[in-house]
Amino acid sequence: MGERVRARTPDAGAAPACEAAPSSLPHAPRIEAAMSYFTTADGTSLYYKDWGSGPVVSFSHGWPLNADAWEAQMFFLASKGFRCIAHDRRGHGRSSQPWHGNDMDTYADDVAALFNHLGVDNVAMVGHSTGGGEVARYIGRHGTARVSKVVLMGAVPPIMLKTADNPDGLPIEVFDGFRSAYLADRAQFFLDVATGPFFGFNRPGAKVSEGLIRAWWTQGMQSGHKNAYDCIKAFSETDFTADLGRIDVPTLIIHGDDDQIVPIKAAALRSATLVKGAQLKIYPGGGHSLGDTAKEQLNQDLLAFLTP
């Protein structure tokens, strides 16, 4: 039976797209436009990618990047029979740049709106860095009714900031320094992060990729100025302890033991004790951006964990 294609009336302010007509066949192929948008209840236009067919995997990206940061994993998993969805967080990438809502609660609600828009269930949620916080807060606010599995990679939970209850966290002065450098010269600040600690290119003997540096910088510069500034507070000061306690689906926590952005001791090692039954996989010598610097290993680990 041939596949019919119908035009979808776009949401207000959204780019036009085409969608395949619904089919009773499982994992039916879809024909889509190259650019897909939807509009949230507060009028924010969010861009997303929707690749492949099969069990659904969603990807939440780190700061100040966008969905492009997950392309290697999305291409690999979509080629293996998964449907891969990734959005540009509000204020990042191709999404609009609202003055408001640059906080974890709203980020999580945006993910819920995306799932509602696409009508997806049994979603395996994968989050990196800030995106890991987004995944945790989604479950804290919306539960796991639509979630089958969780992967947290180099993720910020339970909380990055040093507090009385989190003595291994980073002092507030670290994040104040981020904000000061950002406001002084955000282009140079982004370049410094990409050429140094994000990929671990500041380590002796590191194989430096100028392409990765340029790609990271470009994605960063696509973010909204206020949105990315506000997000520093969101990823560093939000406490996800209670959210992690609500995760009741199989969970894989992946972290590099040389992560200079989100040090493992206050992050993955603590999160693994807060998520019941979580698997912890440590990459020896691994940095923050394992999706790039340990791409082949990460892809295989994701495939093994996500395969039904």
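Which residues in helix 2 meet which residues in helix 3? The structure is a predicted model.

## The contact of helix 2 with helix 3

On the side of helix 2, the residues in the contact are Met 104, Asp 105, Tyr 107, Ala 108, Asp 109, Val 111, Ala 112 and Phe 115. They meet Thr 130, Gly 133, Glu 134, Arg 137, Tyr 138, Arg 141 and His 142 in helix 3.

The axes of helix 2 and helix 3 lie 8 Å apart, and the two helices pack at an angle of about 75°. Angles of 65 to 115 degrees count as roughly perpendicular. Helix 2 and helix 3 are therefore roughly perpendicular to each other.

## Helix 6 and its neighbours

Helix 6 covers residues 225-237, 13 residues in total. From its first C-alpha to its last, helix 6 reaches 19 Å, which is close to the 18 Å expected at 1.5 Å a residue.

Which residues of helix 6 are buried? They are Asn 227, Ala 228, Asp 230, Cys 231, Ile 232, Ala 234, Phe 235 and Ser 236. These buried residues pack against helix 2 (104-118), helix 3 (130-142) and helix 4 (172-195).

An open sheet is formed by eight strands, in the order 3-4-6-5-7-8-9-10, with mixed pairing. At its edges stand strand 3 (36-39) and strand 10 (279-283), each of which pairs on one side only. From one strand to the next, the twist averages 20°.

Helix 3 packs on this sheet and touches strand 5 (56-60), strand 6 (83-87), strand 7 (123-128) and strand 8 (147-153). The direction of helix 3 makes about 140° with that of strand 7.

How many residues lie between strand 3 and strand 4 in their hairpin? There are five, and Gly 43 in the turn has a positive phi of about 85°.

Gly 256 stands opposite Tyr 283 in strand 10.

Definitions and conventions
Residues are numbered from 1 along each chain as its sequence is written. This is a predicted model: local features need pLDDT of at least 70, side-chain atom pairs count only at pLDDT 80 or more; totals for chains, interfaces and linings use all residues. Side-chain values use heavy atoms; hydrogens and water are left out. Helices (H or I, at least four residues) and strands (E, at least two) are DSSP runs, numbered from the N terminus. The expected span of a helix is 1.5 Å times one less than its number of residues. Buried means under 20% relative accessible area, exposed over 50%, partly exposed in between (1.4 Å probe, protein chains only). Contact means heavy atoms within 4.5 Å. Axes are lines fitted to C-alpha atoms, for helices over the stretch in contact, and angles run from 0 to 180 degrees between N-to-C directions. Angles under 35 degrees count as roughly parallel, over 145 as roughly antiparallel, 65 to 115 as roughly perpendicular and the rest as oblique. Two strands pair if DSSP finds at least two bridges between them.
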